[in-house]
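Welcome, and please have a look at the model below.

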Amino acid sequence: MRQRKFIIVKDWNGKNIEIRIGYPIYHRDLLNKSDHMNHISCYGGGRWDVDFENKTIKLYGASDDFGKPNKKDIEVAIKNIDMHSWWQVSHAIDASYNIDINEDELSTYKFIIEY
C-alpha cells in the first residue's frame, strides 16, 4: 500500500544533502538506480503530511528501510530544495491527495520537523 514517505540522501562525502518526497510503497523506492554509481546513499526517512489550511508540510516518523533521519540533515535538505524538488513534492501531493497544486504555491508552504 502506498504511503506518504520521504528520505534524506547525500553523497558519500556527506555533502549535497537532499530530501526526496514521494508516495511509494517502500522508502527504498525513492532511491534511483544511479544513486550508488553517483555515490549517493540514504541517511534515514520518515513520513509526511500536508495541512493545506495552515500551508505546512509535516515531517515525522522513521523509515523501516533506513531508520530515523538526523534533524540537522533534514533542515539542510529543506534549505537545498530546488524547482525539481518542488515539482517532486507537487507530484506526490497530487498522487496522494488527488488534488492539483502548483509548485509556486507550494513553495510558500513551511516545513514542520517533528523530531
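Tyr97 is partly exposed, with a relative accessible area of 21% (partly exposed lies between buried, under 20%, and exposed, over 50%, with a 1.4 Å probe and protein chains only). This is a predicted model, in which local features need pLDDT of at least 70 and side-chain atom pairs count only at pLDDT 80 or more, while totals for chains, interfaces and linings use all residues. Residues are numbered from 1 along each chain as its sequence is written, and side-chain values use heavy atoms, leaving out hydrogens and water.

**Aromatic rings**
- Rings of Phe, Tyr and Trp (its six-membered ring) pair if their centres lie within 6.5 Å; planes under 30 degrees apart are stacked, over 60 edge-to-face and the rest tilted.
- The count by this rule is three aromatic pairs.
- Phe52 and Tyr97 form an edge-to-face pair, because their ring centres are 5.1 Å apart and their planes stand at 85°.
- Ring pairs join Trp48, Phe52 and Tyr97 in a cluster.
- Phe52 is also partly exposed, at 29% relative accessible area.

**Charges over rings**
- A charge sits over a ring if NZ of Lys or CZ of Arg is within 6 Å of the ring centre and within 35 degrees of the ring normal.
- Arg28 lies over the face of Tyr26, 4.1 Å from the ring centre, and Lys58 over that of Tyr60, at 4.9 Å.

**Ser63**
- Ser63 is buried, with a relative accessible area of 6%.
- Ser63 touches His27, Gly45 and Gly46, leaving aside residues up to four places away in sequence (contact means heavy atoms within 4.5 Å).
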